Amino acid sequence: MSLAARHLEDNGISTVIMGCAKDIVEHCGVPRFLFSDFPLGNSAGRPNDADSQALTLELALRVLESAPAARTTVQSPLRWRDDASWKLDYNNLAKLTPDDIAERRKEFESVKATIKDMPGRK
Amino acid sequence: MATTAPETKTVFAAEHDVPIPYMQRTRDYYQALGFSPYRWAHFVDVPFAPLRTPLARARVALITTAAPFQPEVGDQGPGAPYNAAAKFYKVYSVPAESTPDLRISHVGYDRLHTSAEDISTYLPLARLKDAVAAGRIGALGPRLHGAPTNRSQRVTIEIDNPELLRRCREDGVDAAVLVPS
């Protein structure tokens, strides 16, 4: 998505990315980025919370209008929850047992096989 | 009479209360699983095209990585396990007027802490329509566009991105909101 934003911008279309993976988007380098410190899957706000979604969009629109230069990141002030321990879970090896890892390896092998066999894959 | 300033207590955030270091987590995770690490593209230069039309008169595109629902390829519902069969490999477009059925079971969203039960958490189409109705945005593009999450950066750069640009130009948009899921 970061590569797409760069290509559109290169061709005169202003862009803003709404996302939850701060390091990945900033590593690529994009013109404008509204970052929500939420679990992946909530780039546009909290579930079943139209106010949070409206605020998230409004912040993105303000970034689109007023970023002074490329690589502008604004972080939404919204918190997923007060307790930040959810951030310790995602793909965190420190929380997985050797059995967990073996199981996930098997799952990933099967995912790769599925993708390899798919029509339309490039 | 001596006065004392009201006591202020500085409360620091917890050590782990920072944006998740996804790149490090992902590298370590796939290495432990025995797979070669993904290398993320990065650049020194970043393009910048200031918005030339006031937003209230601008036409805005919505671009998503969500996938059209395909009933024949298994569970894509809220909380579904990662479903590689639901992936798509070509740019697609659907009318923005409708409410398309787009899902995110084909990407690595945080299945432990969220469930993708509300499409508006990953596709701000309803909120964008609200913004148009409120006069905040001039108009939405006639279509929203789907960008594949191809692992090959070459395919993204040489095939998908030019196609997205072509469609955005056809739609006459001034700006684009891109929402990775």
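How are α1(A) and α3(B) oriented to each other? The points below begin with the background and then come to that pair.

1. The model is a predicted one, in which local features need pLDDT of at least 70 and side-chain atom pairs count only at pLDDT 80 or more, whereas totals for chains, interfaces and linings use all residues. Residues are numbered from 1 along each chain as its sequence is written, and chains are lettered from A and ligands numbered from 1 in the order in which they are written.

2. Helix α1 (residues 2–10) of chain A packs with α3(B) at an angle of about 50°, their axes being 9 Å apart; axes here are lines fitted to C-alpha atoms, for helices over the stretch in contact, and angles run from 0 to 180 degrees between N-to-C directions. The two helices α1(A) and α3(B) are therefore oblique to each other, since angles under 35 degrees count as roughly parallel, over 145 as roughly antiparallel, 65 to 115 as roughly perpendicular and the rest as oblique.

3. In this contact, A:Leu3, A:Ala4, A:His7 and A:Leu8 of α1(A) meet residues of α3(B), among them B:Ile157, B:Leu164 and B:Cys168, where contact requires C-beta atoms, placed from the backbone, to lie within 7 Å. By class, the contact of α1(A) with α3(B) has 7 nonpolar, 4 polar and no charged residues.

4. A second pair consists of helix α3 (residues 50–66) of chain A and helix α2 (residues 125–133) of chain B, which pack at an angle of about 65° with their axes 10 Å apart. That angle makes α3(A) roughly perpendicular to α2(B). Here A:Gln53, A:Ala54, A:Leu57 and A:Leu61 meet B:Arg127, B:Leu128, B:Asp130 and B:Ala131, and by class this contact has 5 nonpolar, 1 polar and 2 charged residues.

5. Taken over the two chains, 75 residues of chain B are in contact with 68 residues of chain A. The elements that give two or more residues to the side of chain B that touches chain A are α1 (22–33), α2, α3 (153–171) and β7 (175–179) of chain B, and the residues of that side divide into 47 nonpolar, 16 polar and 12 charged.

6. Strands also join the chains, as 4 bridges link strand β1 (residues 14–19) of chain A to β7(B), the two running parallel, with A:Val16 opposite B:Val177; strands pair if DSSP finds at least two bridges between them.

7. Within chain A, strand β2 (residues 32–35) is joined by 4 bridges to strand β3 (residues 72–75), and these run parallel, with A:Leu34 standing opposite A:Val74.

Terms used: Ala, Val, Leu, Ile, Met, Phe, Trp, Tyr, Cys and Pro count as nonpolar, Asp, Glu, Lys and Arg as charged, and the others, Gly among them, as polar.
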